[in-house]
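Please look over the following model before reading on. The paragraphs below lead through it step by step.

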Amino acid sequence: MAQQAYMTETADGGSGPERPGSRLRRLLHRLLRPWRGDPGIWRRGAVLAALALLLALVMLLHAHVPNTVGNLGSLTETFLPWLGVAVPVLLLLGLLRRSAIALIAVLLPAIVWLNLFGGLLTDKSTGGGDLMVVTHNVNAENADPAGTARAVAASGADLLALEEVPGSEVSLYTKALAPTYKYHAVVGTVGLWSKYPMSGVRAVDIKLGWKRAMRATVTTPEGPVAVYVAHMPSVRVKLKAGFTARQRDTSADALGEAVADETLSRVILLGDLNGTMNDRALNGVTSQLRSTQGAVGSGFGFSWPAAFPMARIDQIMVKGIEPESSWNLPRTSSDHLPVAARVDLDTTS
């Protein structure tokens, strides 16, 4: 009886095993049957087609979306990858509407999205690297700061940058990290812990009025490296004001000027920039440095919010240094995920 379930009549009246191709043809026939002889497939779905074209244009011309009203351009660029979610939705609606023009139009945003982000879907890590770095916004309201410190130290990082460290908990973080890191410095609410000697530690003025950025020279076995740790001001999405980011943008420009004035040829920037690499407001920084995630990461590397990451606002960026791999570390008690990278300081070979 089981054999008969997979038998079908042959041309000579006999029976034989049903071929997979036959089942596929029958399935396609059933799916396409409602479309055949229906002249309306070329008239229906004009609105869906228009929405698909608009979506493609927004993704393709995102740099031209104005920031004059509620920083709409920066808001769009912050969540730009998520616009791709609309593509399968429009595709499904086009199928339900039985609209050929809608289905053809959906190809445009699909192609634009793949052109923008398709390269992030593959693992570009090359392995190796002579320095591992980690950055983590630990959250001022972290319920388990000691556990968070031990978790990121266990990653094996040579350099560890922490942001949003409350002054009352600096000693707690320092004590938890002391067994792993011989050298450290804290400036305001940001800090750098290192396995290698540090010098030239100073605050970086990012036009805030208080200290949330620092710079240090780390003397590695491959020579000195300028390391910046920064925590850009937060942005807010408000009903009446839109995407409020003026202070963040001012601080990003100031940080970019500091990096431009750096005298060392090898630079690493670690921190919570409260913006993605697509956000034009960070051009002062992103135009000078390479994102390790963009260069050698796997996937989008979203780091915030930790419960359901939707944007990569925590960045590791380099200049004069070759990225080898970049990834996210497991969640801690913070609302951000730690991000890590391995880099090659010796770029002469």
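Is alanine 110 buried, exposed or partly exposed? Alanine 110 is partly exposed, because its relative accessible area is 23%; buried means under 20% relative accessible area, exposed means over 50%, and partly exposed lies in between, with a 1.4 Å probe and protein chains only. This is a predicted model, in which local features need pLDDT of at least 70 and side-chain atom pairs count only at pLDDT 80 or more, while totals for chains, interfaces and linings use all residues. Residues are numbered from 1 along each chain as its sequence is written, and side-chain values use heavy atoms, with hydrogens and water left out.

The chain as a whole provides the setting. The protein chain has ten helices and 16 strands; helices (H or I, at least four residues) and strands (E, at least two) are DSSP runs, numbered from the N terminus. Of its 349 residues, 48% count as buried. Among the contacts in the protein chain with a separation of 6 or more, 68% are between residues 24 or more positions apart, where contact means heavy atoms within 4.5 Å.

Two packed helices are described by the angle between their axes and the distance between the axes. Helix α4 (residues 86–97) and helix α5 (residues 100–117) pack at an angle of about 170°, and their axes are 9 Å apart. Therefore α4 is roughly antiparallel to α5. Axes are lines fitted to C-alpha atoms, for helices over the stretch in contact, and angles run from 0 to 180 degrees between N-to-C directions; those under 35 degrees count as roughly parallel, over 145 as roughly antiparallel, 65 to 115 as roughly perpendicular and the rest as oblique.

Which residues form this contact? From α4 come Val87, Leu90, Leu91, Gly94 and Leu95, and they meet Ala102, Leu103, Val106, Pro109 and Ala110 of α5. By class, the contact of α4 with α5 has nine nonpolar residues, one polar residue and no charged residues. In this classification Ala, Val, Leu, Ile, Met, Phe, Trp, Tyr, Cys and Pro are nonpolar, Asp, Glu, Lys and Arg are charged, and the others, Gly among them, are polar.

Helix α4 can also be considered by itself. At 1.5 Å a residue, its twelve residues should span 16 Å, which agrees with the 16 Å between its end C-alpha atoms; the expected span is 1.5 Å times one less than the number of residues. The buried residues of α4 are Val87, Leu90 and Gly94. Seen down the axis of α4, these residues fall within an arc of 65°, so they line one face of the helix; the arc is that of the directions from the helix axis to the C-beta atoms. They pack against α2 (46–60) and α5.

The buried residues of α2 are Leu48, Ala49, Ala52, Leu55, Ala56 and Met59. Because they cover an arc of only 120° around the axis, they are on the same side of α2. What covers them includes α4 and α5.

The loops on either side of α4 come next. Glycine 84 is found in the loop between α3 (72–78) and α4, and at 15% relative accessibility it counts as buried. Alanine 110 and glycine 84 are 26 residues apart in sequence, with their C-alpha atoms 7.3 Å apart in space. Glycine 84 and leucine 114 are 30 residues apart along the chain, and their C-alpha atoms are separated by 8.9 Å. Arginine 98 lies in the loop between α4 and α5. Although arginine 98 is not a glycine, it has a positive phi of about 55°, and with a relative accessible area of 31% it is partly exposed.

Two further loops contain backbone details. Asparagine 139, in the loop between β3 (131–137) and α6 (145–153), has a positive phi of about 75° although it is not a glycine. Asparagine 139 is buried, with a relative accessible area of 14%. Proline 305 lies in the loop between α10 (292–296) and β14 (314–319). A cis peptide bond joins tryptophan 304 and proline 305, with omega about -10°.
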